[in-house]
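Please look over the structure below before reading the notes.

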Amino acid sequence: FFLVNFLILSIGIPLLFSSYTRSVFEVNKLLLLRLVILLVYGAWILKSCLLKDNKLLAKKEDSYSFFGFRWRRIGLEIPILIWIILNLLSIFFSKNIFIAYIGAYDRWEGIATIFNYILLFYMVAKLLDDFKYRLLIIMICLFSTSISSIYGIVQSLGIDFMSWSTSPTSRVFACINNPVHFCAYVGMLVPIGISLTYYFITKLNSSNNKDLLAIPRLYYLSLPAFILLGYIFTFRNTFNFLAFTQYILLIGSFFMIFKNFNTLIPSKKTSLYIGSLVMFVIGLFSFNLILLDRFQITIAAFSIISFFVLRVINNKTLFLYRLCFATTLIVFYSMLLSFSRATIIGFAISMTLFYQLILSSKSFKLTRKHIITLFFSSSFIHICLIF
């Protein structure tokens, strides 16, 4: 029950929106958040009562006691209690206690919302005590955000079925209706995608998977499917035979190369083909020989990514690795399309925490020279990203 509710949050928060509340987009997301949290509160209290009545409580030395209830300590109780006390003191000394409690319209920064976040944070740490559950929720967060990111990429092309309150072409916001909030959200998902990609790489290395895989039927069907989609959505209205031929040759070339790319690391021959094709495409762009418009280029890019992922759909671990890699790339690109300063803030902070977790890992040891190199190289990347 707890897992299902947290999965609903993971899917609903980035994707839920309504045309009736498009100018105040937070209403739908906060409504879902508070409804699910109330359901989890009730179930958690019921579970605690059942455990108490059946004398299945945790040991006294590992628990806190309150009104006859005991629960196992997880180490977050005192910091969260201090956080709550500080917020209560902030309300007490506020010039407008009502706004400090309930929040202002279209702001929602009152303590009522803050309590939702505090207790949600604690509930996830307390109730999701199974690694498989945590992994599933993190994966769902990444994939649901990638759907929102695809919506944002389509928005950048000037295509949108919603009458949002701002222009969709200048700064992408997907279904969040605020590029600052959107880019900060997707920016924090990028290191999670990198972590998932690395996790499935380690699982792949530790398993005895065969390098040679049978080519799935879905892979063969993907080429005519993307040719048909490209024709329907971009070529049908203003048909250009040369541009359509270039589109087919471009995605067909990657289709043929990826057909033999069924391992974690490509062979020398496959690497040579991919490198030559990429340099050829760059050359076409450099000399303005690309006949495709941005809509057709976008569909071609999505088709190439799909070929990369679908080729190994018969191998679960390798498929999940490629899927995480592809979705992380899509999320990162949509983050850049937001053109916001919050992009740099959200991405830099999340990557800083990501590096800190790596450096604090017992299984990951670095010398001082390596740490200094890592620090300056990551700083240089972030500076380049700013400009």
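The model is predicted. Tyrosine 219 belongs to helix 8, which covers residues 217-235. The second largest pocket has a volume of about 1,000 Å³.

**Tyrosine 219: burial**

- Tyrosine 219 counts as buried because its relative accessibility is 0%, and the cut-off for buried is under 20%.

**Tyrosine 219: surroundings**

- Leaving aside neighbours within four places in sequence, tyrosine 219 is in contact with Phe254, Phe255, Phe258, Lys259, Phe307, Leu310 and Arg311.
- With lysine 259, the side chain of tyrosine 219 reaches the backbone nitrogen at 3.2 Å.
- Isoleucine 313 lies 94 residues from tyrosine 219 along the chain, yet the C-alpha atoms of the two are separated by 8.5 Å.

**Second largest pocket: size and centre**

- The volume of the second largest pocket is about 1,000 Å³.
- The pocket is lined by 25 residues, of which Trp44, Ser48, Trp71, Tyr122 and Lys126 are the closest to its centre.

**Second largest pocket: lining**

- Two or more lining residues come from each of helix 2 (26-53), strand 2 (69-72), helix 3 (77-92) and helix 5 (111-127).
- Helix 2 gives the largest share of the lining, with 7 residues.
- By residue class, the lining holds 18 nonpolar, 1 polar and 6 charged residues.

Notes
Residues are numbered from 1 along each chain as its sequence is written. This is a predicted model: local features need pLDDT of at least 70, side-chain atom pairs count only at pLDDT 80 or more; totals for chains, interfaces and linings use all residues. Side-chain values use heavy atoms; hydrogens and water are left out. Helices (H or I, at least four residues) and strands (E, at least two) are DSSP runs, numbered from the N terminus. Buried means under 20% relative accessible area, exposed over 50%, partly exposed in between (1.4 Å probe, protein chains only). Contact means heavy atoms within 4.5 Å. A polar contact is a pair of N or O atoms within 3.5 Å; within protein, one must be able to donate a hydrogen and the other to accept it, and residues adjacent in sequence count only if both atoms are side-chain atoms. On a 1 Å grid over the protein atoms alone, a cavity is a set of points where a 1.4 Å probe fits but cannot get out, and a pocket is an open set with protein on both sides within 12 Å along at least five of seven lines; lining residues have an atom within 4 Å of a point. Grid points are joined across faces, edges and corners, and a volume is the space filled by probe spheres set on the points. Ala, Val, Leu, Ile, Met, Phe, Trp, Tyr, Cys and Pro count as nonpolar, Asp, Glu, Lys and Arg as charged, and the others, Gly among them, as polar.
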